[in-house]
Amino acid sequence: MFVASSELACCFDNSVARSSLLCQSVEIEENSVNQTSCYWGSATAYSGTTSKVGELIQSAEGTVGHADSGVAPDCQASGSEQAFTDGEFEECLQMRSLVTSEEEEDFEAIRGSDITVKSYTVESKITARFAHTTVKSSVVNSGPNAQSIGFNVQIPKRAFITNFTMNVNGITFIGSVKEKTVARNLYAQARARGKAAGIVRTNSQDMETFKTEVHVPPGSKVEFELHYQEMMQRKLGTYTHTLHIQPGRLVPQLQVNVYIFEPKGIKFVKTPNTLGEHFAGLTKVTQTKDKAHVVFKPTLQQQRKCDNCTESAVDGIFTVQYDVERETNAGELQVSDGHFVQFFAPSDLTPLSKNIVFVIDVSGSMWGLKMKQTVEAMKTILDDLTMDDYFSIIDFNHNVRCWSEELVPGTSINVREAKKYIQNIKPNGGTNINEALLKAVRILLKALDQGLIDQRSVSMIILVSDGDPTVGEIKLSAIQKNVKREMREEISLFSLGIGFDVDFDFLERIAMENRGLAQRIFANHDASEQLKLFYSQVSSPLLRKITIQFPEDSVTDVTQNHFDKFFSGSELVVAGKLKSVGSNMLQSFTTASAATMDLTIDTEADLQELDTLLSQQEHSFAGFASRMWAYITINQLLAERSLAPTAAKKRKITQRIMTLAVEHQFVTPLTSMLVESQDGPERLLADSPKDPKQGCCPGIGLPARTNVDFVSSNPPSRPSWVKPTTTQGPSQAKGPHVTVVENDPHFIVHLPKNKMDVCFNIDSKPGHILNLVSDPGTGIVINGQLVGGKKMKNNKLNTYFGTISIYSEDAGVKVVVRTSRIDLMEGKNNHSFSWAATAKLNLNRVKVAIEKEHKITVTIDDKISAMVLLHRVWKKHPFNVDFLGFYAPSDNQYSSQVHGLTGQFVNEPEVKVFDVHEGTEPEKKQATMEVKGNKLTVTRGWQKDYRNDKKHGSDVYCWFVHNSGKGFIDGHYSNYIVPDLDSFLPSL
């Protein structure tokens with residue numbers, strides 16, 4: 001990411017060596033000051049005095065400049081033995097003014113007069129959220145004189161430049177990333193006839209500007225090519241890819257291509273017309289299940305501002321938005337090229353309640369538009385609070401005032417009073433950030449200590465300020481220490497800096513150190529919308545204390561895997577390297593705390609599958625996993641570096657960053673790109689120094705701590721009855737005995753006292769809800785809803801259980817299992833889970849274990865368990881549909897009031913079977929059963945138990961009762977039809 005400014009003049013002349021001026025941007029790291037020094041010399045002089053020039057640059061890095069010289073320190077000889085002439089010195093000042101006035105100029109991708117831009121193309125390849133963008137342009141100096149041609153590209157601040165090449169009249173310059181001091185020394189020692197430009201920061205919200213300028217004779221052809229990479233960040237359920245398209249003139253070949261490949265599938269692709277109505281309908285999108293191609297290719301005529309205009313209307317941002325298909329609450333694990341990337345973006349979870357203290361700067365500098373827009377945003381934000389949220393407001397200048405000394409619930413009355421309070425704020429005075437933040441922390445700590453707020457809620461401070469402290473404690477490092485000392489790990493701090501007078505680096509450090517994020521708010525007409533947008537991103541926390549772990553023997557070099565919070569619409573990303581192990585699968589284990597439960601989700605991925613898939617894609621980015629790992633690692637190290645407590649720690653982190661950046665060829669605040677001619681010693685430099693007002697890098701997730709944990713690969717524990725013991729011999733179910741309901745539907749009732757199993761079928765209609773267990777004594781009811789087959793078979797429409805509901809009235813928890821998903825409801829909290837991942841959910845009295853595409857086990861109070869087995873059938877099967885099987889152990893501890901189609905047999909009746917004789921089929925004997933005062937004709941047969949073998953099942957031999965169990969069950973089967981999934985059975 002580029003957060004600093006630097007510009008070098010670039011001159012190139014094929015014919016003769018000429019004198020040239022080098023303006024070298026210098027970063028003085030310890031004092032966070034950028035200094036530009038200018039040196040005079042010639043191509044021949046450089047070759048003869050390389051060591052002297054190197055010394056000059058090194059010397060400049062250690063000085064601030066001569067403030068008392070009476071001239072701009074940017075344009076001094078700085079110890080050079082040769083002085084400037086008046087014209088040359090004036091030229092240096094002119095060049096410096098170009099940098100400082102850059103914000104006021106209209107941006108053009110290609111600069112120069114009497115030039116012909118042959119082509120301007122932009123291509124992005126996005127693979128699994130990682131984007132590689134290439135910007136190319138071909139330009140000809142069509143004028144009669146030598147001139148400078150500029151190539152400018154605006155890139156996202158979170159991107160890393162990875163390469164830049166330039167071809168000037170057949171001479172090709174190729175880039176390579178080196179440690180900053182190494183690159184500078186090599187550059188200074190070169191016999192280059194031309195010098196190149198690097199990175200210039202602009203005051204835009206999300207972009208940096210790469211600038212290059214080359215001086216060429218008439219008729220020269222110049223080809224530019226810039227590469228940069230970035231990880232897509234998900235905000236509010238969308239990934240947004242932006243490309244600045246500002247050629248500044250009509251271009252015969254102007255084209256933008258964005259290729260997206262998401263292995264799990266693309267949910268949607270949008271191309272909002274951010275270039276203006278002039279280009280409505282010109283963007284074309286082609287989309288398949290997992291690929292999309294977006295193309296923008298206006299003709300020369302379509303580029304014109306009007307039919308006869310010679311000016312281009314192409315001037316703005318080209319935007320592509322998309323999201324991926326994901327199984328509800330299941331993680332996505334991608335493995336490629338010896339690396340892995342784990343994505344985690346759950347949804348359909350009840351938001352955690354919030355405890356927020358808003359800390360608002362009302363000093364004199366906030367007067368006018370800043371305060372007006374802050375108040376407007378706060379009104380909207382307060383309206384978003386719910387009854388379950390708690391809040392207070394602190395406003396501060398040289399004094400600190402509280403709207404309420406204690407947190408209050410977000411009722412309509414409290415919100416209305418708070419809005420009146422902020423409406424009457426009049427900015428004036430100084431800025432006492434230290435006392436304001438400490439007061440906010442103490443309000444939250446008081447509420448936590450007194451148990452006034454939900455233990456599972458999220459506590460946060462949101463600071464809005466536009467300047468540095470001027471009252472009380474004004475030393476930034478002291479404020480940082482004071483806040484850190486008072487804070488607890490339950491509280492996060494979010495910092496919003498309005499404008500450019502605020503020390504954003506400080507706001508970012510104090511936020512990152514306290515599990516939060518910082519964002520700059522640009523003081524313009526839409527500052528209110530920026531504030532509201534930021535709040536919307538953190539207003540719906542779904543999880544806290546998230547940890548994503550991997551088997552210790554499988555991975556290494558794992559990025560941050562502990563996260564303090566997860567907000568709805570965002571995404572957590574963890575990457576690492578694979579170890580050489582024998583397994584062909586990789587597993588991850590995600591644990592987190594939700595509104596009413598703790599959950600564990602298992603995800604797995606094949607080690608070869610994605611590489612095979614990528615090799616078949618024309619426009620995918622095959623090395624995305626290793627690049628993404630390096631990208632995340634470097635960004636996290638840059639964040640750690642900014643918080644390093646000692647110089648030794650900082651040096652150690654710095655060395656790691658430089659090693660990784662050079663290995664993976666990323667231009668970072670600690671590395672530079674050296675661009676060298678293939679055919680000669682010419683060298684150019686692209687630099688990226690650090691901006692102390694901006695900070696080094698975007699926050700990725702909210703870290704809880706930086707250490708990495710590993711776990712064993714053992715699956716979650718489960719009751720012993722869930723899976724019977726495998727035995728040698730015939731396929732027959734062994735182990736703990738259970739009651740089973742399977743297929744269309746077949747009931748197998750185990751009667752342990754009678755040492756037998758009894759079977760019966762229920763022939764009912766699709767849509768009917770049958771009660772399986774109804775126990776008013778324990779407050780538990782289990783019901784199943786029937787679905788029909790696709791069509792009749794042998795004049796009969798088979799029915800199956802498509803939905804099974806397990807409801808504990810006392811615990812207030814209902815688990816509704818469908819073939820499509822699993823819904824968990826607790827009071828007003830609703831959570832939805834997919835069959836696509838293994839997960840464990842722990843509520844107060846209920847435990848739920850989901851095994852991927854297989855089964856779910858529900859345990860209530862450790863006394864009552866039930867398992868639902870998922871059966872998938874061939875989608876093109878002419879008759880059958882997906883269905884569910886139900887299993888319950890015979891030792892469930894129901895009350896004496898239990899009833900239902902299976903529950904009634906907890907109170908086991910006496911059963912006698914006699915008069916066994918041959919039946920109509922030799923292998924199926926018949927007999928007489930005496931039960932509940934009835935004598936029934938029964939047939940010896942078998943049904944299937946699928947716990948051990950879901951495909952073929954194991955045989956359970958039983959006595960089959962005909963006519964839908966008539967005589968064996970109490971009453972008629974129609975007596976067990978209930979109106980709702982949570983209905984108890986009326987007394988029979």
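Author: What follows concerns the cavities and their linings. The model is predicted, so to speak of local features requires pLDDT of at least 70 and side-chain atom pairs count only at pLDDT 80 or more, while totals for chains, interfaces and linings use all residues. Residues are numbered from 1 along each chain as its sequence is written, and side-chain values use heavy atoms, with hydrogens and water left out.

Reader: How many cavities of 30 Å³ or more does the structure hold?

Author: Six. A cavity here is a set of points, on a 1 Å grid over the protein atoms alone, where a 1.4 Å probe fits but cannot get out. Points are joined across faces, edges and corners, and a volume is the space filled by probe spheres set on them.

Reader: What is the volume of the largest cavity, and which residues line it?

Author: About 80 Å³. Its lining residues (an atom within 4 Å of a point) are Phe358, Thr374, Ala377, Met378, Ile381, Ile462, Val464, Leu496, Leu531 and Tyr535.

Reader: Which element gives the largest share?

Author: α6, with four residues. α6 (369–383), β25 (458–465) and α11 (527–538) each supply at least two; helices (H or I, at least four residues) and strands (E, at least two) are DSSP runs, numbered from the N terminus.

Reader: And the second largest cavity: what lines it?

Author: That cavity has about 60 Å³ of space. Among its lining residues are Glu489, Glu490, Arg544, Lys545, Asp564 and Lys565. β25, β28 (541–551) and β30 (562–567) each supply at least two lining residues.

How values were computed:
On a 1 Å grid over the protein atoms alone, a cavity is a set of points where a 1.4 Å probe fits but cannot get out, and a pocket is an open set with protein on both sides within 12 Å along at least five of seven lines; lining residues have an atom within 4 Å of a point.
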